[in-house]
Amino acid sequence: MKCELCKEADAQTVLFKEIGGKKKELYVCRCCADAEKKQPHAAKPETPAAEGEQVKPMPPEAVEKLNALMNVIVNAAVELKGLPMKQPGGNQETCPHCGITRDECRKNEELGCPACYQTFARYLQPVIKDLQQADTHVGRAPAKEAAKFKKSILRARLKEAIAHQDYDLAARILREIDAIMLGPPPPPAGGKDSSNG
């Protein structure tokens with residue numbers, strides 16, 4: 001996918017921008033994302049470049065220098081975590097699904113397929129944890145929004161269960177909806193069991 005602002009480079013990140021009073025997701029290249037971050041909010045145009053405004057991309061020399069700097073940073077992070085940069089003797093691990101090597105992944109700064117996450121997990125986990133401060137992705141949506149989404153799915157399943165006259169399933173789904181609406185049970189008062197006197 002090409003950058004929605006410059007229409008030249010590949011999109012690598014998502015930029016949230018208010019356009020015409022509505023918040024829009026724009027898929028942009030790193031250069032355009034950096035340029036947008038540097039602009040003061042008051043000076044930002046109301047429409048994206050795709051609708052008339054021309055955005056100048058970074059010169060190729062600057063992009064090359066930036067990519068080289070990113071490689072240095074990623075390599076340093078990998079080495080700091082105690083992982084070797086290359087396996088001795090050139091015996092490269094390769095993804096059994098797509099055939100990409102670990103060096104190719106590092107050079108291209110992207111994995112070849114979903115199976116690469118498993119193949120290169122021991123190299124990726126420390127780097128991901130260091131960059132994201134977590135082992136697992138918890139999503140962009142806050143817990144409230146996730147609960148709302150789950151309730152809507154459960155309500156759809158409930159309608160389907162009632163339509164098929166599967167009332168046992170409908171009752172289970174209702175209990176799940178109730179559990180979401182009530183939230184987690186509160187901890188016992190005072191943390192002590194009152195039955196022991």
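In this predicted model, strand 1 and strand 2 form a hairpin with two residues between them. G20 sits in the turn and has a positive phi of about 60°. Strand 1 covers residues 13-19, and strand 2 covers residues 22-28. The two strands pair in the antiparallel sense, over seven bridges. Within this pairing, V14 stands opposite Y27 of strand 2.

A loop joins helix 2 (60-80) to helix 3 (102-108), and T101 lies in this loop. T101 has a relative accessibility of 17%. Buried means under 20%, so T101 counts as buried. Leaving aside residues up to four places away in sequence, T101 touches Q92, E93, T94 and F120.

Helix 7 spans residues 167-182, 16 residues in total. From its first C-alpha to its last, helix 7 reaches 22 Å. This is close to the 22 Å expected at 1.5 Å a residue. The buried residues of helix 7 are A170, I173 and I177. Seen down the helix axis, these buried residues fall within an arc of 65°, so they line one face of helix 7. An α-helix has 3.6 residues a turn, so residues three or four places apart point the same way. The buried residues of helix 7 pack against helix 6 (143-163). On the other side of helix 7, D168, R175 and L182 are exposed. Just after helix 7 comes G183, which takes a positive phi of about 80°.

Terms used: Residues are numbered from 1 along each chain as its sequence is written. This is a predicted model: local features need pLDDT of at least 70, side-chain atom pairs count only at pLDDT 80 or more; totals for chains, interfaces and linings use all residues. Side-chain values use heavy atoms; hydrogens and water are left out. Helices (H or I, at least four residues) and strands (E, at least two) are DSSP runs, numbered from the N terminus. The expected span of a helix is 1.5 Å times one less than its number of residues. Buried means under 20% relative accessible area, exposed over 50%, partly exposed in between (1.4 Å probe, protein chains only). The arc is that of the directions from the helix axis to the C-beta atoms. Contact means heavy atoms within 4.5 Å. Two strands pair if DSSP finds at least two bridges between them.
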